[in-house]
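Subject: Model handover

Hi,

Here is the structure I promised. My notes follow below it.

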Amino acid sequence: MQIIIRLVKQIGKYKFSFFFAIIGLTLATVGNLYTPLIIRNIIDNIITPSFKSGYFDMNSLNKNVLLFVVLVFLSEIIGFISKYALDFIANKVGQDLRDKSFEVMQKLPVSYFSDKPAGKISTLIVNYTETLRAQFYIKVLQAFSNLLPLVIILVILYRLNKVVALLMLLLLPLIVIWQRIYSKLSKKNVDIFYEAQSEMNSQVAEIMNSSSTVQLYQQIDNTRNRFKDVLLKLMNSDNKTVKIDASLSWTLSDVLNRLVLFAILLYVGLKYLGGVEAVSAGLLLVYTTYMERIFERFNFFVRLLPDIQRSLSTGKLVFEFLDTQLEEEIDNKILITDGNVEFKNVSFEYVENTPVLNDISFKANKGETIALVGHTGSGKSSIINLLFRFYDLKSGEILIDGQNIQNYSRESIRKNMGIVLQEPYIFSGTVSSNISMNVSSITKEETIQALEKVGGKFIIDKLDNGIDSIVSERGSTFSSGERQLISFARALAANPKILILDEATSHIDTETEEIISYAMNVLKKGRTTFIIAHRLSTISDADKIIVLDKGKIVEIGNHQELMNKNGYYAHLYKSSTKINIKNG
């Protein structure tokens, strides 16, 4: 019930439009339901008396026919406008939920995505919000257009015959019982269905991103079998739900409809055979017409049950996502002028009681290049994650220009930083948008200059539309070296105070490496630069090398100082040199 209340509350933003739509719908419903009474009047008060008296009142007939036609047309026009308004509101609410979900995703901490498949999150934002729009808001708002006629018919029937109206009211508890039975039988299957749907989307996304690996290692059959298992799970749960729908939503309600109509006709027929006119012909028409319409609405509400059940399942997941704890943001913006960085006794852990960094302390002054060295898991990336405030430290302080970054907004901190990754991400768009990242203050001329400075002018020279050429997702039409050059140009154009290079030359050829090495030296001037080093030969000119082992700093110094010590770094360097010579 709590989920339904939250779903209904989403309509509150459009309450005035909803209110006027309901008024229009009420008027249309009253007009539409009054038409059987006009027909009754024509049959009982105009046509039937004419057989007895021989006089046919054409004037009264014309007036009733004109009233009938006017009511039908007005009801249809007002009803169309009202239903259009309700559907429009449903679409807007669906859009709001999708926008909110996407906005929450943008604000979630990096840690949230570490153990969440991308396919499941995209399923929630795209599929589940669409399910709510189509199967809850459209249908629930339509329910008002079916509930109003039901109430009005019962009122009319009560005025015509209290006994018949009260008998019809006995159907209401039946709907409630029906709903309870349906919910109990279908809930488990609906939950399994959406879980399988989410898993299916995750598998599709995973296979698309690893298609070359799947084919290279001949895993096509295995991935197909895994996908079939999920599809089978999806199909079985859906088939069970369909069976329940077919039984409870159609067959039984239709049988009940026919039984009630049969009972009415049987009662009238037996009375007539006994020489008693139980009801007039016009009133019989009114009864049968209203009974049909009551059961039309009854069928609608019964058919609404599966949609409500699906909405409860998806609504629960969507609201759980919307309720995810976001990072607390501070309005205070940091002012970075030099880019001096200091780690003071910093400790950090991703999982409680499992330390990743222990009492890390070092300084990086403006213009210095700091290399972070160590085996996998030593803490190199964790230091950068903390500097970006992707995670918050357990203890200690991180200062930029003497300011504790915990006291400032993440956005303002990251705005002053640039990063070049081992595997740069190229977005769908143009070469220009991938360099400027759609920052309005970066002009097209500046993006061209940035690309030229890193030696990438040849990229736009070979393209038909130059800097405005369309780029496919992940930049698949470019070589790894070209993608890296675009990533370097992106960092140059952003003009950051602090620069992070995640071994940016590790996946490019020797010729391109020479171009980028020169551009790197230009880029590093006047900036505090951190290099996560995998190939130690590339950091020999770093001002300071921080050697990490199991989350602790074991050595600090420049290349020559550390080699003279003949300690941990020297051992790593000699080992990597031997491997490079062997591989060469």
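For residue classes, Ala, Val, Leu, Ile, Met, Phe, Trp, Tyr, Cys and Pro count as nonpolar; Asp, Glu, Lys and Arg are charged; the others, Gly among them, are polar. This is a predicted model: local features need pLDDT of at least 70, side-chain atom pairs need pLDDT 80 or more, and totals for chains, interfaces and linings use all residues. Numbering starts from 1 along each chain as its sequence is written, and side-chain values use heavy atoms, without hydrogens or water.

The pocket first. A pocket is an open set of points on a 1 Å grid over the protein atoms alone, where a 1.4 Å probe fits, with protein on both sides within 12 Å along at least five of seven lines; lining residues have an atom within 4 Å of a point. The largest pocket has a volume of about 1200 Å³. Of its 33 lining residues, Phe388, Met417, Ile419, Met437 and Arg490 are the closest to its centre. By class, the lining has 20 nonpolar, eight polar and five charged residues. The largest share, five residues, comes from α15.

Buried means under 20% relative accessible area (1.4 Å probe, protein chains only). Among them are Ile383, Ile384 and Leu386. Arginine 389 follows α10 with a positive phi, near 60°.

Last, the hairpin. Strands β11 and β12 run antiparallel, joined by five bridges. Lysine 550 has a positive phi near 55° there.

Best wishes

Technical notes: Two strands pair if DSSP finds at least two bridges between them. Helices (H or I, at least four residues) and strands (E, at least two) are DSSP runs, numbered from the N terminus. Buried means under 20% relative accessible area, exposed over 50%, partly exposed in between (1.4 Å probe, protein chains only). Grid points are joined across faces, edges and corners, and a volume is the space filled by probe spheres set on the points.
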